[in-house]
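Work through the exercises below with the sequence and the structure open side by side. Each task is followed by a solution in steps.

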Amino acid sequence: QAATVAVLDHLEQLALVDFRDTEGVERLRKAIQFADQLQEVNTEGVEPMDSVLEDRCLYLREDDVTEGNCTNELLKNAKEKVEEYFVAPPGNIPLPKLEERETFLKGS
Amino acid sequence: QVSAALKEGRVTPGELCQRCLALIKSTRFLNAYITVAEETALKQAEESEKRYKRGQPLGVLDGIPVAVKDNFNTAGIETTCASNMLKGYISPYNATVVQKLLDQGAVLLGKTNLDEFAMGSGSTDGVFGPVRNPWSYSRQYKEKSVPKSHSEDEESNWVITGGSSGGSAAAVSSFTCFAALGSDTGGSTRNPAAHCGVVGLKPTYGLISRHGLIPLVNSMDVPGILTRCVDDAAIVLGSLAGHDPKDSTTIQDNFKPFELPDLPDVSKLSIGIPKEYQAPGLSSEILALWSKAADLFKNAGAKVIEVSLPHTRYSIVCYHVLCTAEVASNMARFDGLEYGHRSEVNKSTESMYAATRREGFNDVVRGRILSGNYFLLKQNYENYFVKAQKVRRLIANDFLKVFGSGVDILLTPTTLSDAAPYMEFIKEDNRTRSAQDDILTQAANMAGLPAINVPTALSERGLPIGLQLIGRSFQEKQLLTVAKWFEKQVKFPVIQLEEVKRHNHDVFQHQKSASFS
């Protein structure tokens, strides 16, 4: 349950964001501690609330195409593209395991 | 007032625009603006002038210079969210609220500074540097501050604007625009409004479209409105509110823009004073001011009663969990592929994503993403995320109960104290600060209620203090009516900006009491 190195490593992979240094790890530990205060509240029989607008019906429109055809606009902000494609480096290559990564967590 | 002046031809949109642009240049040290769209603004002003000459202005907002927080998409203008991740990102579209302002003829002067991705309560954590509170340079503040030594004068003494919409608040407060858009997720519009002495309105969740507002917490974000008086806020609200098919979280009810009565009557109202808002750390000055305000209402015949919102103290913890969880999800879109910063690392998609995000986000953002992901882990989901959602309902129910018992409006402080000096503020980290500063504003976001900061008085240090009014869902008309009454009672002083006065005597004179209504 606690923030073990395994959990931290897992988080780095899930979030694709690194802790960077001890401060980062401490920050998480403090955040968890802070959030633990929630356990003091009695929520017996209380339903979780997703949205304050839960009592209303969502607006649904007709399934008609009303806009689009803005390929050029959308491609403008991409750094690497070829014709109408965004170009990504090769996929399906997992991130290196903890031992091989350039991460601060290696030392812990 | 300015709108009437435009109609009568006493001043032209072009002149107004020029003056504001000049003022922006001379107040550059405030660092309120990230991007100034000089060319487009002048063009918009030109178009507006043509319309006035034909006697066909689009409305009250035609020709009025406005500023927009840099987390709203603005077509053709860089939108950065004060982050390296979006430096150089030119929006291909206008956020709905921006489009609405432009459709009314407003002149967009530029994008204002904020905390990176609107995370923070000081407007100090963006990559373009902190925003300085214009009141740091006011005669009122300088008169009350004792310089410690000759060299340590105003350079180290300046105070923060609060956040995260600090740039917008500073822009309105320093007269560089007549209205500005901010965003409010935990108090981000009301907090800087209080510190900068301007009106900050957080509308009911679902009233104003979020389409184009780069999201932080989808279930709590709202666009915020910052102006120099309540009437102006009502006007801007009137042009922005309403259903947007592009934002399915906007309600479908027909919204009717309203005008506020000149002489509001509060004698038939019931004002609630939530006792839990006397939070630890609340300055005695503000406590006294709050009490005086309650008396004002009492003397006008309103019923003023103490009420209880028992789950108030858990609101900040609940926010912490829900916010980080939604942030973790919302920030996932920044991977370098379609827009924004992209790392040079090319070994694999995942490593490119990881490197891009390492390079693009600051500590605060990364911290929240990691915390959020932690709370969303399978083993933690029930105990943290779902638990927080349950607490959220309890908090929302607290308000329902109070409003259901006959209370019309709640009166609370907005901040715990007046604006802190920057050097003091940065001694604590962002999360601690946010937890402390958001305490009074956060619950309104949890429950989706409308809330407004009204500048009330100056503190002993000569800095603005504001009080907050919270209303019932979608009852903005009542909320703003009460706010306007309160504003008239307290007669908050005009800021006396010295430096600026020296350079732009004419501009200042004209705009000193300038509202556009």
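**Exercise 1: The interface**

In this predicted model, 70 residues of chain B are in contact with 53 residues of chain A.

Solution. Step 1: The size of an interface is often given as the accessible area lost when the parts come together.

**Exercise 2: Charged and polar pairs**

Task: Count the salt bridges between chain B and chain A, then examine the pairs made by Arg393(B) and Arg27(A).

Solution. Step 1: Side chains of opposite charge can pair when their charged atoms come close. Step 2: The count between chain B and chain A is six salt bridges. Step 3: Arg393(B) forms a salt bridge with Glu54(A), and the closest N and O atoms are 2.8 Å apart. Step 4: Arg27(A) forms a salt bridge with Asp363(B); here the closest N and O atoms are 3.8 Å apart, and the cut-off is 4 Å. Step 5: This pair joins two chains, because Arg27(A) lies in helix H2 of chain A and Asp363(B) in helix H13 of chain B. Step 6: Across the interface of chain B and chain A, 24 residue pairs are in polar contact, both residues being at pLDDT 80 or more.

Task: Which helices of chain B each supply at least two residues of the side that touches chain A, and which element gives the largest share?

Solution. Step 1: Helix H11 (312-330), helix H12 (349-360), helix H13 (363-376), H14, helix H16 (430-437) and helix H17 (442-447) of chain B each supply at least two residues. Step 2: The largest share, 12 residues, comes from H14(B). Step 3: By class, the side of chain B that touches chain A has 32 nonpolar, 22 polar and 16 charged residues.

**Exercise 3: The sheet of chain B**

Task: Trace the strand order of the open sheet in chain B and identify its edge strands.

Solution. Step 1: The sheet has 11 strands in the order E1-E3-E2-E4-E6-E5-E10-E11-E9-E7-E8, with mixed pairing. Step 2: The edge strands are E1 (33-36) and E8 (303-307) of chain B, each of which pairs on one side only. Step 3: From one strand to the next, the twist averages 30°. Step 4: Strand E7 (residues 270-274) and strand E9 (residues 409-413) of chain B pair in the parallel sense over two bridges, with Ile271(B) opposite Ile409(B). Step 5: Helix H14 (residues 381-404) of chain B lies across E8, E9 and strand E11 (464-470), running at about 125° to E9(B).

**Exercise 4: Backbone exceptions**

Task: Locate the cis peptide bond at Ser164(B) and the positive phi of Leu16(A).

Solution. Step 1: Most residues other than glycine have a negative phi, and most peptide bonds are trans. Step 2: A cis peptide bond joins Gly163(B) and Ser164(B), with omega about 15°. Step 3: Ser164(B) is in the loop between helix H6 (154-157) and H7 of chain B. Step 4: Leu16(A) has a positive phi, near 55°, and is placed in the loop between helix H1 (5-15) and helix H2 (22-35) of chain A.

How values were computed. Residues are numbered from 1 along each chain as its sequence is written. Chains are lettered from A and ligands numbered from 1 in the order in which they are written. Side-chain values use heavy atoms; hydrogens and water are left out. Two strands pair if DSSP finds at least two bridges between them. Helices (H or I, at least four residues) and strands (E, at least two) are DSSP runs, numbered from the N terminus. Axes are lines fitted to C-alpha atoms, for helices over the stretch in contact, and angles run from 0 to 180 degrees between N-to-C directions. Contact means heavy atoms within 4.5 Å. A salt bridge is a side-chain nitrogen of Lys or Arg within 4 Å of a carboxyl oxygen of Asp or Glu. A polar contact is a pair of N or O atoms within 3.5 Å; within protein, one must be able to donate a hydrogen and the other to accept it, and residues adjacent in sequence count only if both atoms are side-chain atoms. Ala, Val, Leu, Ile, Met, Phe, Trp, Tyr, Cys and Pro count as nonpolar, Asp, Glu, Lys and Arg as charged, and the others, Gly among them, as polar.
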